Amino acid sequence: MPEGYEGVIGLEIHVQLSTRTKMFCGCELSFGDEPNTHTCPICLGHPGTLPVTNEQAVRYALQIALALGCEPAARSIFHRKNYFYPDLPKGYQISQYDIPLASEGRLGDVRIHRVHLEEDAAKLIHLGESGRIHGSAASLVDFNRGGTPLVEIVTEPDLRSPTEAREWAQLMRTTVKQLGVSDVNMEEGSLRCDANVSVRRAGAEQLGTKTELKNMNSFRFLERGITAELERQASLLESGEQVEQETFHFDPRTGALTPLRSKEYAHDYRYFPEPDLVPLAPTEEMLRTARQALPELPAERRERYQAELGLPEVTARQLAFDAELGAYFERALNASRQGTVAEGPAPEPRTIANWVTGELVGRLREAGDGEVDPVSSKVSPEALAALAGMVESNQVTTGAARQVLATLVAEGGDPAEIVEREGLAQMSDAGELEAMVDRAIEAEPVAAEKVKAGNPKAIGPIVGAVMRETKGRADGGQVTRLIQQKLGLD
């Protein structure tokens, strides 16, 4: 995006709730079953049928609303949102309009405008190479998804960059996942993101004309799609043209933005109250139960890690916002505190956290072709805590510990046994180390002269020679000090 412009981004996130049945009928929800095997006259919109609100969906939606700090409405109602599309057999979608379930919340630095309940449309399958309707030979409809309960979370336009939008959406996903009310599986469509994007001059108060990017099903595509749209809008403004209010599809394969339709306004949908459903009025007991069901949420966990464990903000955020990584860290920390992983004092939480977020993640990413799954890896949290403790208590050097970790990733096992088996314990014989240093200085005379002449960086080859001979068992700082003493610099 050209300098002098600022992006303004809001998100609309659809979360599919993990209820047993659909939003307004008793049809079972089961992903991947044969098409059109979970339907009934109600979700197919047959005349004369009457919907009934799924109570579990309301309870789950209340948990989401409270987790986002929203104020539940004392009384909300459903509306009919009228539009014609092949995946909507009734010709309207039951949603909430002017009185949503909850509003005015916050997650991190982003304000939540509203949280409301609605039903999902069916799934269209376009036959053709692109999988898009354009150029397809035919389109099929699977009504199994029609009527699935959704919670829509709408933010205020508080995000300023594609990266911010991606990170915040990841926080939202982790928060909802912690609640256990949705599997938030983006590949299966349980979590879908729309983005409202506009551009304005940096420092300006007035918002620019916004466009909408629909149905992005990965955080990476969300970031790329917003980036492309910001650049398109800024380019239009630079050339003196106007941004039109439109809805776009972002194709992650080509990076292209395709206009879908001119933006509809609320009056285009001819909203009117759903006459077959009673208003929603959560009881005090429902609200109390929902509050009691809230676990420790990612934002709270990040604060605890910083305040109680003294972790840096970046590390605390990484562990708190990644549910699997955070659970792994908690197990390692607990094992260490209970004294079940190694002799001696427990390692500092910061040491364990650094080994989890740094060395382990890096090694797993390398071994898993970019994928990081600590829970399913061969490195148990107890083993990693023990290894961190061995480093902190100088039983092994950091270099030797990295070798142990490589073995753990490949084979699993007990780090103490690996250290013993591979002879990686830190050297404790000062005389032996001095003899190695003497040999290294003799083998690297040019480097030794440069060091003595005042070039401290020239010490590298000598240190390297010692570390190779010790196979990483010597402490690098101690080796450096010994070399300097031998060369008369200390």
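Trainee: Where is Arg270 found?
Mentor: Helices and strands are DSSP runs numbered from the N terminus (helices H or I, at least four residues; strands E, at least two). With those runs as landmarks, Arg270 sits in the loop between β13 (256–262) and β14 (272–273).

Trainee: Before we go on, what kind of model is this, and what is left out of the side-chain values?
Mentor: This is a predicted model, in which local features need pLDDT of at least 70, side-chain atom pairs count only at pLDDT 80 or more, and totals for chains, interfaces and linings use all residues.

Trainee: What is the phi of Arg270?
Mentor: Most residues other than glycine have a negative phi. Arg270 is a residue other than glycine with a positive value, and its phi is near 45°.

Trainee: Which strand does Asn215, with its positive phi, lie in?
Mentor: Asn215 is not a glycine, yet has a positive phi of about 50°. It is partly exposed because its relative accessible area is 45%. This residue lies in strand β11.

Trainee: Which residue forms a salt bridge with Lys214?
Mentor: Side chains of opposite charge can pair when their charged atoms come close. A salt bridge is a side-chain nitrogen of Lys or Arg within 4 Å of a carboxyl oxygen of Asp or Glu. For Lys214, the closest N and O atoms are 3.1 Å apart, and the partner is Asp194.

Trainee: How many residues apart in sequence are the parts that this pair ties together?
Mentor: Asp194 is buried, because its relative accessible area is 1%. Asp194 belongs to strand β10 (residues 191–201) and Lys214 to strand β11 (residues 211–216), so the parts tied together are 20 residues apart.

Trainee: How many salt bridges does a search of the whole structure find?
Mentor: Another pair is Arg304 with Glu296, at 2.7 Å from N to O. These two also belong to a network of salt bridges that links Glu296, Arg301, Arg304 and Glu330. Over the whole structure, the number of salt bridges found is 27.

Trainee: Which helix holds the Asp438 end of the salt bridge to Lys486?
Mentor: The side chains of Lys486 and Asp438 meet at 3.3 Å, N to O. Lys486 lies in helix α15 (residues 476–486), so the pair ties together parts that are 48 residues apart in sequence, the Asp438 end being in helix α12 (residues 430–443).

Trainee: How are α6 and α7 oriented to each other?
Mentor: Axes are lines fitted to C-alpha atoms, for helices over the stretch in contact, with angles from 0 to 180 degrees between N-to-C directions. The axes of α6 (residues 313–321) and α7 (residues 323–337) come within 5 Å and cross at roughly 105°. Under 35 degrees counts as roughly parallel, over 145 as roughly antiparallel, 65 to 115 as roughly perpendicular and the rest as oblique. The two helices are therefore roughly perpendicular.

Trainee: How much accessible area does the nonpolar patch of Ile125, Leu127 and Leu140 have together?
Mentor: Patch residues have over 30% relative accessible area and no salt bridge; like charges are joined within 9 Å and nonpolar side chains (Val, Leu, Ile, Met, Phe, Trp, Tyr) within 5 Å. Ile125 is partly exposed at 34%, and Leu127 is partly exposed at 38%. Areas come from the Shrake-Rupley method with a 1.4 Å probe, and for residues only the protein chains shown count as cover. Together the three have about 230 Å².

Trainee: How far apart in space are Leu127 and Leu140, C-alpha to C-alpha?
Mentor: Leu127 is found in strand β7, and its contacts beyond four places in sequence include Leu140. The two are 13 residues apart in sequence, and their C-alpha separation is 7.8 Å.

Methods
Residues are numbered from 1 along each chain as its sequence is written. Side-chain values use heavy atoms; hydrogens and water are left out. Buried means under 20% relative accessible area, exposed over 50%, partly exposed in between (1.4 Å probe, protein chains only). Contact means heavy atoms within 4.5 Å.
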